[in-house]
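Good morning, and thank you for joining. Please bring up the sequence and the coordinates, and I shall walk through selected features of the model.

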Amino acid sequence: MGSKHLLIEFTAEPDLNVSLSKLETEFTKVFNEIVQQGIPEKTIKQIKKRFQGHLNDVLKRKNYRKNLLIDRVSNRQPYYGLTAERRALRSVTAQKINDLLTALGQSGRTVIYRANEL
Amino acid sequence: MIRYFLIFATSMLLGCQEDDLNADASDEPRPAEFKMLPEENRSVILATTPRGHTFHFMPIYEPGVTDITITIAWPSNWAYEASRNPAVPYIGTETLLSGGTKDISPKELNEFLSDRNSGGSLIPTADYVYGEINFPKEYREDVIKLASDTLRRPKFDPRWVHRIKGSIRQNIQFADLKTETKMWTLARKANLGDNPLYHFLTLPDLRVIDEVSVDMLRQWHKQTFTQSGLTIVVTGAISRQDAGSSVDTLLFDLPKGRVSPPHDVNVTIKPQTVFLHVPEAEKTTIGILGRLPPTSQGNDLTDRLALSHFSQSGSGPLFSALRTEQRASYGFQAGFFDYNRKNRRLFITGAVAAEQAADVAADIPEIYEEYRLDPNFETLADLQNGMVNQTQKNVGYVNIAVRTIL
């Protein structure tokens, strides 16, 4: 949202014989735990490795980058090259992510929306 | 008044030109031991695994190519039996893919594949279930073992099945809101009649989804995933020997099964025009269908080229005629789809303002007929070259190459 804010969405559907409020309670419990304790360094390394593989696969394709460039430029957004994308990924640390999570945990930062099945 | 138009025309003879575009005689089988022969690179070889499964093999020994794709087509006749629940193959394939086994939970399964930059898909069609796995060569043994366990001993956990049912139901409900879905559903019914194949392709009654039981899924699994009647393709950075042993590991311990004769639902379609009134639609959608010979008779590349040329934006006959004669600012597209292996259709479709619909619907068959009888192929060579270039680029991706061979 703009260049300074981030909107993160989580959605979940209850399993058979599980109520929506039970799901919400459980989700909130886990969410608060993670926000307070942070994500372990090992998990972040694992996720970074997956992204790395994804970047290697996708970004190397000429048409993908060409289309991405056209898309970014036509939407007046900055375009980062392959090297910059890789550098950006390398510079992500567990500390940065967990700082962001701490901010999410402050009061007034979350909105919960409940919807019944169609 | 807003409506849908559907026009069915009989046998449009696109596939009748003779050429040898699809003459690609398979190479003779070569010695079983693995050698990096440069001439084997990207050539399609018919090979046999140590346990006797025949497979199409296309090694890609090129710098930068590290992926491997294996595809197996399992024949299936589930879609043709009225006594069987038509939703089972959809729910079964999804559950099999993500539901885990006795030894590995759905979450672990997903993590395992994501960490290895690997993935798979299972696609149910009327005549086959197509299974595909992609993985980098360094994870070959891990991924093959997991895929083999998943195929042999899937865990049809009722809770997981419930989730899959929910997402399938939601996807169908969402698609059904679209006006063109309503049109193609009606076309399918008018073409096929109210038979099991129509129900399999459409799932018109969503209650069948709720009625799927774990027992049904197990029965479908047992009779579909056998070792008989398979078409197998392996491509990528892999030796023939490793390809053979990977296929054997994948299929090991699956029931022998038996090959049932292919279903011969050869639908004869009568020329007819169907109108569907959808009061809430904002535009009128036109769909025109024609019958094409099955791809097993060859010439499908000719069809593809002829139809691409016909509908090419800018210079194609369909585009320029509609622009000039109707001054239409909308786009029409043409393409193919299959109801099953025997019944292939050509389609031409697009959306127009309601007041133009009748004229456009009448024009398109005329434009097509003119093209069929007296085509102007001035720009065909360009299109042909463009398609060759695109194909060369595409087969650089290991999984697209495997689909092409299949």
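I begin with a helix pair in chain A. Asn32(A), Ile34(A), Val35(A) and Gln36(A) of helix α1(A) are in contact with Leu101(A), Thr102(A), Leu104(A) and Gly105(A) of α5(A); two residues are in contact if their C-beta atoms, placed from the backbone, lie within 7 Å. By class, this contact of α1(A) with α5(A) has four nonpolar, four polar and no charged residues. Here Ala, Val, Leu, Ile, Met, Phe, Trp, Tyr, Cys and Pro count as nonpolar, Asp, Glu, Lys and Arg as charged, and the others, Gly among them, as polar.

A word on conventions. The model is predicted: local features need pLDDT of at least 70, side-chain atom pairs count only at pLDDT 80 or more, and totals for chains, interfaces and linings use all residues. Residues are numbered from 1 along each chain as its sequence is written, while chains are lettered from A and ligands numbered from 1 in the order in which they are written. Helices (H or I, at least four residues) and strands (E, at least two) are DSSP runs, numbered from the N terminus.

To return to the pair, α1(A) covers residues 20-37 and α5(A) residues 94-105, and they pack at an angle of about 130° with their axes 8 Å apart. Axes are lines fitted to C-alpha atoms, for helices over the stretch in contact, and angles run from 0 to 180 degrees between N-to-C directions. The two helices are therefore oblique to each other; angles under 35 degrees count as roughly parallel, over 145 as roughly antiparallel, 65 to 115 as roughly perpendicular and the rest as oblique.

Between the chains, the contact takes seven residues from chain A and eight residues from chain B. The side of chain A that touches chain B has two nonpolar, two polar and three charged residues.

Let us move to chain B, whose secondary structure comes to 14 helices and eleven strands. One open sheet of six strands has the order β2-β3-β7-β4-β6-β5 (chain B), with mixed pairing; two strands pair if DSSP finds at least two bridges between them. Strands β2 (45-48) and β5 (119-124) of chain B stand at the edges with a single partner strand each, so one side of each is left without a neighbour in the sheet. On average, neighbouring strands of this sheet are turned by 20° against each other, direction ignored.

Within the sheet, β3 (residues 54-59) and β7 (residues 231-236) of chain B pair in the parallel sense over four bridges, and Phe57(B) has Val234(B) as its bridge partner in β7(B). By contrast, β5(B) and β6(B) run antiparallel, joined by six bridges, and form a hairpin with three residues between them.

Finally, consider helix α1 (residues 88-98) of chain B: nine of its eleven residues are buried, so the helix is largely enclosed by the rest of the structure. Those buried residues pack against β5, β6 (128-136), α3 (140-152), α4 (158-176) and α8 (214-224) of chain B. Just after α1(B), Gly100(B) takes a positive phi of about 80°.

Notes:
Buried ≥ 20, exposed ≤ 12 C-beta atoms within 10 Å, placed from the backbone.
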